[in-house]
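Here is a short report on a predicted model. Please look over the sequence and structure before reading on.

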Amino acid sequence: MGGWLIYLPKDMKAFQESYRKMARDLAKEDGWTDNLARGKFFFGADFIVDPTNYLASKTLLEAGMLMENCDPNFKAPEGYRTEDALASGCVLTNYLLDPLDQ
């Protein structure tokens, strides 16, 4: 089963930058770059969806949503797309790191 939490931020850029800072802080603390590479949030034009599990994430990707990836070394595999995120140094992508690949 899966579910979603939906956010309606007033300032999308501030939200993305806040996530970037949180992901980088977590990556420094525990050394896991997946905190940068596998974003927690999926972005629409004026809303954000926080899936509750991997299956829900896959469903959102299938619906065309993109997630924020703040790994400075990220290169989307062939066949996946990226767009510049509003947060500097991040992209929005439809590539989801499989939790079994970590």
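## Salt bridges

Lys-21 and Asp-25 join their side chains in a salt bridge, at 2.8 Å from N to O. Both residues sit in helix H1 (residues 12-30). They are four residues apart there, so about one helical turn separates them. Lys-21 is exposed, at 52% relative accessibility. Asp-25 is partly exposed, at 29%.

Glu-83 and Arg-81 form another salt bridge, at 2.6 Å from N to O. Glu-83 is partly exposed, with 35% relative accessibility. Arg-81 is also partly exposed, with a relative accessible area of 41%. The count of salt bridges comes to two.

## The sheet

Six strands make an open sheet. Their order is E1-E3-E2-E4-E6-E5, and the pairing is antiparallel. Which strands stand at the edges? They are E1 (4-7) and E5 (82-84). Each has a single partner strand, so one side of each lacks a neighbour in the sheet.

Strand E2 (residues 42-43) pairs with strand E3 (residues 48-51). Two bridges link them in the antiparallel sense. In this pair, Phe-42 stands opposite Val-49 of E3.

## Helix on the sheet

Helix H3 covers residues 54-62. Which strands does H3 lie across? They are E1, E2, E3 and E6 (91-93). H3 runs at about 145° to E3.

Terms used
Residues are numbered from 1 along each chain as its sequence is written. This is a predicted model: local features need pLDDT of at least 70, side-chain atom pairs count only at pLDDT 80 or more; totals for chains, interfaces and linings use all residues. Side-chain values use heavy atoms; hydrogens and water are left out. Two strands pair if DSSP finds at least two bridges between them. Contact means heavy atoms within 4.5 Å. Axes are lines fitted to C-alpha atoms, for helices over the stretch in contact, and angles run from 0 to 180 degrees between N-to-C directions. A salt bridge is a side-chain nitrogen of Lys or Arg within 4 Å of a carboxyl oxygen of Asp or Glu. Buried means under 20% relative accessible area, exposed over 50%, partly exposed in between (1.4 Å probe, protein chains only).
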